[in-house]
Amino acid sequence: MLNTFLSNWVIFGSERVALVDQLLFRKLKQQPYLHGDETPIQVLREPGKSATSKSFLWEMRSAANAATSIIHFHYDPSRSEKVARAIYEGFNGTLVCDGYAGYNHIPPGIRRAGCWAHGRRKFVDGTNGIESQRSLGRKFVKKFDQLFAIERKAQGFSPQQLLEIRQRESKPIVDSIWQLMSETTPINKSKLGRAYTYMVNQREQLEVFLNDPGVAISNNIAERSIKTSVIGRKNWLFSTGQRGAKANALFLGLFETAIANHLDFKKYLVYLFTYLPRLGDSPTDEELEAYLPWAKAVQQSCAA
């Protein structure tokens, strides 16, 4: 009974700050670069699904160099292409994501960029596969590591400097990766073979970073911010119903956004619950602006 009471208060609380979450989501899709990811969750009472079936949290977040950092989570019972298409509707920039096929169906105005870290992991798996292919897998991993070393060296550089470094130093390494792939044939369906297939299918997306300094080489920033839910579900285990799942998604996004903007999340929630009701039931976006994480008064009152 107590758990139900507390859970209902979480849902009630999410409804009180929903307008802030919606405004943040709209502003997020106005940014030129986004990162996307998704992770399974369990919702016991999904219509038409068993209690042990998977539902999903879809993450959209700002790039590391964005002027304002926003992280948004969307709960959905499905991981289908229809969800990807719906949540990215209205976004017209570049999305960094992995090779999940659902992203093939996002709106056509969006440019996709691939994740070299995801590709690297598949080749690391290949080094633990068939013994005769381990040394070849290590050759690829070494080249991947060279690319990431260049990115670390270029941190803090201007976009033009980063572009020049990528063209001068990273592009020859990328070209050598494709050349090495063309010269060898992995064993079909082996771990190394699956790594090859991933790279071939993602080649166009993986090369985007070479010509755009605003594009990150990997999707690691999204994977780090989605870890809160991955770790958290070991504690809260599941949501009972869809309202709870939606509330969890909202608060996870608000928490990550607050942290990314150097706020104390508890202070920020108290601030929102204290002052938002003064705006009434139908505040304008201009009025809600004063309650976003980077607003001057919020920064002064809720700093970590």
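In which strand does Glu38 lie? In this predicted model, Glu38 belongs to strand S1, which spans residues 33–41. Glu38 has a relative accessible area of 9% and is therefore buried. Its side chain has two polar partners listed here. Another joins the side chain of Glu38 to that of Tyr103, at 2.5 Å.

The relative accessible area of Leu95 is 0%, so the residue counts as buried. Leu95 and Leu23 are 72 residues apart along the chain, and their C-alpha atoms are separated by 20 Å.

Salt bridges were examined next. The structure holds 11 of them. In one, the side chains of Glu289 and Lys27 meet, with an N to O distance of 2.8 Å. Glu289 sits in the loop between helix H12 (285–288) and helix H13 (296–302), whereas Lys27 is in helix H2 (residues 18–28); the pair therefore ties together parts 262 residues apart in sequence. Glu289 is partly exposed, at 30% relative accessibility. Lys27 is also partly exposed, at 22%.

Arg111 and Asp212 form another salt bridge, at 2.4 Å from N to O. Arg111 is in strand S5 (residues 111–113) and Asp212 in the loop between H7 and helix H8 (220–225), so this bridge ties together parts 101 residues apart in sequence. The two partners fall into separate classes of accessibility. Arg111 is partly exposed, with a relative accessible area of 36%. Asp212 is buried, because its value of 11% is under the 20% cut-off.

A further salt bridge links Arg120 and Asp145, whose closest N and O atoms are 2.6 Å apart. Here distant parts of the chain are again linked: Arg120 lies in helix H4 (residues 116–126) and Asp145 in helix H5, 25 residues apart. Arg120 is partly exposed at 27% relative accessibility. Asp145 is partly exposed at 32%.

Arg134, Arg138, Lys191 and Arg194 form a positive surface patch. Helix H5 (134–153) and helix H7 (191–206) are the elements that each give two or more residues to this patch. Arg134 is found in helix H5. With 32% relative accessibility, Arg134 counts as partly exposed.

Notes. Residues are numbered from 1 along each chain as its sequence is written. This is a predicted model: local features need pLDDT of at least 70, side-chain atom pairs count only at pLDDT 80 or more; totals for chains, interfaces and linings use all residues. Side-chain values use heavy atoms; hydrogens and water are left out. Patches are made of residues with over 30% relative accessible area and no salt bridge: like charges are joined within 9 Å, nonpolar side chains (Val, Leu, Ile, Met, Phe, Trp, Tyr) within 5 Å. Accessible areas come from the Shrake-Rupley method with a 1.4 Å probe; for residues, only the protein chains shown count as cover. A salt bridge is a side-chain nitrogen of Lys or Arg within 4 Å of a carboxyl oxygen of Asp or Glu. Lys and Arg count as positive and Asp and Glu as negative; His and the chain ends are not counted. The place of a charge is taken as NZ of Lys, CZ of Arg, CG of Asp or CD of Glu. Helices (H or I, at least four residues) and strands (E, at least two) are DSSP runs, numbered from the N terminus. Buried means under 20% relative accessible area, exposed over 50%, partly exposed in between (1.4 Å probe, protein chains only). A polar contact is a pair of N or O atoms within 3.5 Å; within protein, one must be able to donate a hydrogen and the other to accept it, and residues adjacent in sequence count only if both atoms are side-chain atoms.
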